[in-house]
Amino acid sequence: MYEIFQGSPTDGRPENEAAVYRFLDQLGIPFIRIDHGPVRTMEDCQKIDAQLGGVICKNLFLCNQQKTVFYLLMIREDKSFKTKDVSKQLGVSRLSFGTPEDMERLLHISPGAVSPMGLLFDSARDVHLVLDSDLLQGEYLGCHPCVNTASIRMRMQDFLNVYLPAVGKTPRFVDIKKAE
């Protein structure tokens, strides 16, 4: 069991993580936080999310074949990413995983810490947000604050109606089937 904290930490944090907390505070979005060791698997995330009570989701950093258009795909943990299905729904010939270098450059995050909170750093609006439509069924969203040693939970409505407009993002929705 992890200790649950309300709001922003007061101790020193990496700048990208601290920027997320400042931004959420500026927007007036309440959140709770858990600090933990590095998360490496979805099983680790499930334990944390069970305590946070957020919607478990996978966040995938993707790009088109030419590496000129980037996507952040958020899907439920119990679903599988099938390139063909998502590419077709987005009208893209073929999606692949983006590079760690592009992830750092565009979202200030590294592999293992992919999060919609990184959209805060996408000032050029180069990354398109794509949501599995089933995520809308949850009351809460759980995610990393740009590091994989902490997790936060906020209301889904705050994420959709306050955070996303503040970072200039309008999500596209896709329907992803459950893993077989």
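User: How many disulfides does a search of the whole structure find?
Analyst: This is a predicted model. A disulfide needs two cysteine sulfur atoms within 2.5 Å. The sulfur of cysteine 57 has its closest cysteine sulfur in cysteine 143, at 7.2 Å, too far for a bond. Searching the whole structure gives a disulfide count of 0.

User: How far is the sulfur of cysteine 63 from the closest cysteine sulfur?
Analyst: Cysteine 63 is buried, at 1% relative accessible area. The closest cysteine sulfur belongs to cysteine 146. That sulfur is too far for a bond, at 19 Å.

User: Which residue forms a salt bridge with arginine 22?
Analyst: Arginine 22 is partly exposed, with 42% relative accessible area. The closest N and O atoms are 2.4 Å apart, and the partner is glutamate 15.

User: How many residues apart are lysine 79 and aspartate 134?
Analyst: Their side chains meet in a salt bridge, 2.5 Å from N to O. Lysine 79 sits in the loop between strand 4 and helix 3, and aspartate 134 in the loop between strand 6 and strand 7. The pair links distant parts of the chain, and the separation is 55 residues.

User: Is lysine 79 buried or exposed?
Analyst: Buried means under 20% relative accessible area. Lysine 79 has 2%.

User: Which helix holds aspartate 102 and arginine 105?
Analyst: Their side chains meet in a salt bridge, 2.9 Å from N to O. The two are 3 residues apart, so about one helical turn separates them. The element spans residues 100-107 and is helix 4.

Technical notes
Residues are numbered from 1 along each chain as its sequence is written. This is a predicted model: local features need pLDDT of at least 70, side-chain atom pairs count only at pLDDT 80 or more; totals for chains, interfaces and linings use all residues. Side-chain values use heavy atoms; hydrogens and water are left out. Buried means under 20% relative accessible area, exposed over 50%, partly exposed in between (1.4 Å probe, protein chains only). A salt bridge is a side-chain nitrogen of Lys or Arg within 4 Å of a carboxyl oxygen of Asp or Glu. Helices (H or I, at least four residues) and strands (E, at least two) are DSSP runs, numbered from the N terminus.
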